[in-house]
Protein chains: 2
Amino acid sequence: MKRVVLASYARGNPRPSDFRVEDVPVPEAGEREILLRTLWIAVDPLIRFSLDENLLSGATRMEPGSLMVGPTVSQVVASNHPEYAPGDFVEGRSGWAEYNVLAPDEADYRGPPRKLDPSLAPVSTALGALGGPGQTAYEGIVNVGRVKAGETVVISAAGGAVGSIAGQIAKVLGARAVGIAGGEAKCRALLDLGFDAAVDYKAPDFADRLKTALPEGADVYLDNVGGDVTLAVLPLLKRGARMPMCGFIAYYGMGMEGPGPDRLPGFYRQIMAKGLEIRGFAGIFAGQKGLNDIAGWMKEGRLRFPEAIVEGIEAAPEAFSSVFSGHDHVGKLLVRIAPEA
Amino acid sequence: MKRVVLASYARGNPRPSDFRVEDVPVPEAGEREILLRTLWIAVDPLIRFSLDENLLSGATRMEPGSLMVGPTVSQVVASNHPEYAPGDFVEGRSGWAEYNVLAPDEADYRGPPRKLDPSLAPVSTALGALGGPGQTAYEGIVNVGRVKAGETVVISAAGGAVGSIAGQIAKVLGARAVGIAGGEAKCRALLDLGFDAAVDYKAPDFADRLKTALPEGADVYLDNVGGDVTLAVLPLLKRGARMPMCGFIAYYGMGMEGPGPDRLPGFYRQIMAKGLEIRGFAGIFAGQKGLNDIAGWMKEGRLRFPEAIVEGIEAAPEAFSSVFSGHDHVGKLLVRIAPEA
């Protein structure tokens, strides 16, 4: 079978050459272990934190030669564990490999692999609308952002898995949704999803376009990016605006400090001048309630979740790197490793 | 009479030479105007924002030659306005001058001068515990910080007017209060006020001392400073900590950007890694409820409010500058212009 390992420490944004595809024997399941065939890999940007010394708490460092690990959907091939049977579909964290052996009893705080019912929804949605990204979007818009009908919400990385769901949830709640994404194609796709406006951050007149899209400013800014995009949004936030923060991809390649000048003084000035409320959060807290609401909205046709699919494990390094350098997909970027049996 | 005007635009922290004391005639009160004799001037650091082009919203720019304006307590000398009588004590914003003429009908959003009852409390407290600083401390600890019994609160600029009250309010609520201040004398004064610990940010081993004072981290960080002090506190905050922010004196001399490196990436990283909640606020929202609680606690002897007094209007430029360069006073720094009649 094939698997992807880290070849070198990543500096700055990951590049395909930071990874290596290896041929290794298919592992065997030991006592109370299960053998999984990987179906889908989500190239989650948070994996970036495992690649260098600037770990977020909870992240496990990957060394050169380490198997890449992240969110996957798999199917049980062989099981020595009473709770899993061959043919079961599961979502969890496992290696970027065609097959993985897991010991459900030794799960970390995230819990053992979660069994999926393929009759309820396609199993790939467990990595998107009905998984971490859906929960994050829900938590950001509903619980942290406390978005109300008639308010205006602006969303960075709106073409991503979290952002594309978040904007649609804002619309379900009766708010106006403005997305920020890279490129005209992505912006058009956001309008198709129901966003009221979409602004291309790659346009030379981005700041002016953003101002035009937010003539009265914004009540909530769901930030997944940081960097120049956020510095352009801040002056447009209303007094007392809420800023739920679920990521900062512009800074993932940096440690605690980036190249000068120091922009923290201006950040403080905006927080104070506007009485902003900023909160970092992880989607896990939205839990089952969030997933149930999203599933209901999808069933009613009020929420669509685009998936962008690339094929084969050898495409994983390129797909992962493209998350940081910018790509043209909207929605969740998935790597299909094998068809469902 | 004497008055203080701005001599030059301030760059960086204000210096006494940025101001000039002038001799001018005492003005006369016109129709519906009042003539005030200044008793007390509060050298409020927020005045800094009126001195250059980096205005906070609500600040009025002062040009070279402009009379300095800020919070004062005065006594009415002559009145052509039916709501004010000679002898009345009032708190409001007026010039750094021995006498001022005000038109109460033309007040800005802050409202007309507020009449004070000298039998309830010394009138100078209207600039401290029973004024803006008291309201700010109350809002930060009670409403934004939501401090609960058994929690640990850390406070920057703890020797200042806001910080010294905030720590005592945290104690009233049953929390542990740790203050950060400059110099051993100030730290001892904080312990006298009831703080559980006080840490000198000028000590070469400040970060280690702070860690020792916060063995289990902090639940709430009331920040009035920013800069290096805050960068030392952030790693010690607990998951989900609240960070009410009422000022950022370390950055007042800067515009939107300071000298590199850029510390915003690390700030984002801490917000996300810990799920921090940051909120900028102004004390005005604590309103009369906050002032009533503070007055009650003072009456019960549970809250003391030190004042540091310098004498005479010619001392105002030096006193104002010392707020930024660091001084040895604890509590509110006031300039006494004249005795109460």
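Biologist: Which residues of α1(B) meet α7(B)?

Modeller: Contact here means heavy atoms within 4.5 Å. On the α1(B) side you'll find Gly134(B), Gln135(B) and Tyr138(B). They meet Gly287(B), Gln288(B), Lys289(B), Gly290(B), Leu291(B), Asp293(B), Ile294(B) and Trp297(B) of α7(B). One caution: this is a predicted model, where local features need pLDDT of at least 70 and side-chain atom pairs count only at pLDDT 80 or more, while totals for chains, interfaces and linings use all residues. Residues are numbered from 1 along each chain as its sequence is written, chains are lettered from A and ligands numbered from 1 in the order in which they are written, and side-chain values use heavy atoms, leaving out hydrogens and water.

Biologist: And what counts as a helix or a strand?

Modeller: Helices (H or I, at least four residues) and strands (E, at least two) are DSSP runs, numbered from the N terminus.

Biologist: How many nonpolar, polar and charged residues are in the contact of α1(B) with α7(B)?

Modeller: Sort them like this: Ala, Val, Leu, Ile, Met, Phe, Trp, Tyr, Cys and Pro are nonpolar, Asp, Glu, Lys and Arg are charged, and the others, Gly among them, are polar. The contact of α1(B) with α7(B) then comes out as four nonpolar, five polar and two charged residues.

Biologist: At what angle do the axes of α1(B) and α7(B) cross?

Modeller: An axis is a line fitted to C-alpha atoms, for helices over the stretch in contact, and the angle runs from 0 to 180 degrees between N-to-C directions. The axes of α1(B) and α7(B), which spans residues 287-299, come within 9 Å and cross at roughly 100 degrees. That makes the two helices roughly perpendicular.

Biologist: How do α1(B) and α2(B) cross?

Modeller: Helix α1(B) covers residues 132-144 and α2(B) covers 161-172; their axes come within 8 Å and cross at roughly 45 degrees. The pair is therefore oblique. From α1(B), residues including Thr136(B), Ala137(B) and Ile141(B) meet α2(B) residues, among them Ile165(B) and Ile169(B). By class, this contact has 11 nonpolar, two polar and no charged residues.

Biologist: What about α1(A) and α2(A) in chain A?

Modeller: They pack at about 45 degrees, with axes 8 Å apart. That makes α1(A) oblique to α2(A). Their crossing is right-handed. Pro133(A), Tyr138(A) and Val142(A) are among the α1(A) residues in the contact, and Ala161(A), Val162(A) and Ala166(A) are among those of α2(A). This contact divides into 11 nonpolar, two polar and no charged residues.

Biologist: Next, burial. Which residues of α3(A) are buried?

Modeller: Buried means under 20% relative accessible area, exposed over 50%, and partly exposed in between (1.4 Å probe, protein chains only). In α3(A), residues 184-192, Lys186(A), Cys187(A) and Leu190(A) are buried. They sit on the same side of α3(A), because they cover an arc of only 100 degrees around its axis, taken from the directions from the axis to the C-beta atoms. Their cover includes strands β9 (176-181) and β10 (197-200) of chain A. Arg188(A) and Asp192(A) are exposed, on the face turned away from the buried side. Just after the helix, Gly194(A) has a positive phi of about 110 degrees.

Biologist: Which residues other than glycine have a positive phi?

Modeller: Arg32(A) is one of them, at about 55 degrees. Its place is the loop between β2 (19-23) and β3 (34-42) of chain A, and with 38% relative accessible area it is partly exposed. Arg146(B) is another, with phi near 50 degrees. It lies in the loop between α1 and β8 (152-155) of chain B and is partly exposed, at 38% relative accessibility.

Biologist: Last one: which residues does a cis peptide bond join in chain A?

Modeller: Gly260(A) and Pro261(A), with omega at about 5 degrees. Pro261(A) is in the loop between β12 (237-245) and α6 (264-274) of chain A. In chain B, a cis peptide bond joins Gly260(B) and Pro261(B), with omega about 5 degrees.

Note on methods. Parallel < 35°, antiparallel > 145°, perpendicular 65-115°, else oblique. Left-handed = near helix turned anticlockwise from the far one by under 90°.
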